[in-house]
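The sequence and structure are shown here.

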There are 2 protein chains.
Amino acid sequence: MHTVDVATPGGLYPIHIAPGRLDALAQVIPANATSIALVTNPTIDALMGERVLKALSGCGIRIVTVMLPDGEAYKNWETLNVIFDAMLGAQLDRRTVVVALGGGVIGDMAGFAAALYMRGVRFVQVPTTLLAQVDSSVGGKTAVNHPLGKNMIGAFYQPIAVEIDTDVLNTLADREMSAGLAEVIKYGLIMDAEFFSWCATHAAGLRERDPELLAIAIRRSCEFKAWVVSKDEREADLRAILNLGHTFGHAIEAGLGYGHWLHGEAVGCGLVMAADLSSELLGFPLQDVERVRELVTAIGCPVMAPKLAGIDQWMSLMQGDKKTEGGAINFVLMPRIGEAIRRTAPAELVARVIERNTV
Amino acid sequence: MHTVDVATPGGLYPIHIAPGRLDALAQVIPANATSIALVTNPTIDALMGERVLKALSGCGIRIVTVMLPDGEAYKNWETLNVIFDAMLGAQLDRRTVVVALGGGVIGDMAGFAAALYMRGVRFVQVPTTLLAQVDSSVGGKTAVNHPLGKNMIGAFYQPIAVEIDTDVLNTLADREMSAGLAEVIKYGLIMDAEFFSWCATHAAGLRERDPELLAIAIRRSCEFKAWVVSKDEREADLRAILNLGHTFGHAIEAGLGYGHWLHGEAVGCGLVMAADLSSELLGFPLQDVERVRELVTAIGCPVMAPKLAGIDQWMSLMQGDKKTEGGAINFVLMPRIGEAIRRTAPAELVARVIERNTV
């Protein structure tokens, strides 16, 4: 089993990575827990709900299952309230442990609900998509979307443990694998050129779900993210580099309406656009823009974004993004592969990049 | 000017207490703020909105006023969303400062919104009721109510400053003064028998709003609460003693429907019930139960609670309270005036106390 320890201001929590972790979930439920709120969706429940319930029943405490509708389109205020209604309706108390079983949407909402329920109960992340395993389950960001922007309403709240069962990746659709790999190569782009090259070398194997390659990719990704988060829990400076590709990506998701593109697909495409803008603004080598485009293609993500309603909509969607400060749009850009910085970009350059990378 | 410094895990923040503080609000808005979201209600706005806007205009930054409906009945999820809609609609960014101008309901909701908006922006409390000045503005508890219980959904989130203008107490209705004084005498009951006696001696003067007496009562109350909060930000043990009278009080508020009794009135009545239960369970002297009843009467709060739908409803409302753990009801009780402890109580004793103190 691989273990990555994540340091936060509130203390350490472990990420466990191994095949079969689902069956060991009872181990991470604290002895003084009075009940478990298992938050999941019907898709995940059909695939592994029974197995997880069996594992958790080892705790000998009450388990209340909270079923949420499946999809980013439901990552909102109303669905969050479904969790509160269910938990309060079952009279769950402050020693309840929330278990988030699902992808990033389930993790973000269950974590947010845990942060707010009676002003905070413990929670355990059990991410079931590659994207959630390498990204959203690490770092304590929880949130819901708002019609005016993604993840606008949220909290920083840390789990007591993250349990990653590498077996569950076999249940994923190909698109979801590709979306998750986009976040994996992002870590190479922002922090480690060698890891980027490793991903390029093993793109086919990763996409075909070679278990050994995936275990390495997940562990390395969690280590990168854990390192960044330990330095900077709030998204002040360092942590912002994790948003490489995300300003473009958010515009794609928001412009098409959440749920059309997978988040990771939008990020993958956003990485290409960020590389292109980096080339315009920071002299990021043109041949490396091509390497990024090739790897994003190789992992199966789109490299051309939708035109939406034109440049104006793009700009307004990006200005509404919460990384905006005082009107100017902040981007995360790369001087070279393996290094990322924050930079504001002139509107005409941004427009040119959007023009060039949309169909 | 009186200043009380409140220590929290995240750092110190000051409480300033003085006549005329409203006019000095610009002083506490940080220089790097990009905008101000002034959250208030029409009642407060009519009384002092213009004056506050004038004071804040000294910052030279954009001010967006968010008007909430007035009353505890609106302290809910839907009203919270009104704040988010307004702030996102105005494209306020992460360097926005939320200013909560109003009583406890405004403070709790504006603080909660500040905690969640883009995962946290700064906020300043400007409490305009005595209750908010001595209680809810100190300690970082923010929340909204749920149909199944009061303050069930919330967060711990600290303001950057609390500005208490003692002049504004002249705008309060008599009932609101009485409700605030209930929380003041609570501090005497849980921590300082001498302060309890001081309150008994000066009950008439406090009720008549003698400014010097009020300034002392507010400062002492903030000091007590700040001390408790500094020891124990989360409501694990010590902080729980601040809930003296609140388990009974919450049942009254929830049973009648929020907004019928003022929170402080329910707490005042709850103090008498807690004293009575303390006498049954801990030998709290009977003559001191009478002293509590007399002082609660003297400050103008009710000492008899409503019967509601009978004992069963009372018990179920108290069991639904979030201080419940694993089924048993926790109370805060007093061995003597000036000392409070947590204790679970047998249902038949609780029923007897409810029987005796309801009409």
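Predicted model: local features only at pLDDT ≥ 70, side-chain atom pairs only at ≥ 80, totals over all residues.

## Relation between the copies

## The interface between chains A and B

Across the interface, 31 residues of chain A are in contact with 30 residues of chain B. On the side of chain A that touches chain B, the elements that give two or more residues are helix H2 (77-89), helix H3 (104-116), strand S7 (141-146) and strand S8 (149-156) of chain A. It is S8(A) that gives the most to this side, with six residues.

By class, the side of chain A that touches chain B is made up of 13 nonpolar, eleven polar and seven charged residues.

## Packing of helices H10 and H11 in chain A

Within chain A, helix H10 (residues 263-282) and helix H11 (residues 286-298) pack with their axes 9 Å apart and at an angle of about 175°. Because angles over 145 degrees count as roughly antiparallel, H10(A) is roughly antiparallel to H11(A).

On the side of H10(A), the contact is made by A:Gly268, A:Leu271, A:Val272, A:Ala275, A:Asp276 and A:Ser279, while H11(A) brings A:Leu286, A:Asp288, A:Val289, A:Val292, A:Arg293 and A:Val296. Sorted by class, the contact of H10(A) with H11(A) has seven nonpolar, two polar and three charged residues.

Terms used:
Residues numbered from 1 in each chain as written. Chains lettered and ligands numbered in written order. Contact = placed C-beta atoms within 7 Å. Helix = DSSP H or I, 4+ residues; strand = E, 2+ residues; numbered from the N terminus. Nonpolar A, V, L, I, M, F, W, Y, C, P; charged D, E, K, R; others polar. Axes fitted to C-alpha atoms, helices over the stretch in contact; angles between N-to-C directions. Parallel < 35°, antiparallel > 145°, perpendicular 65-115°, else oblique.
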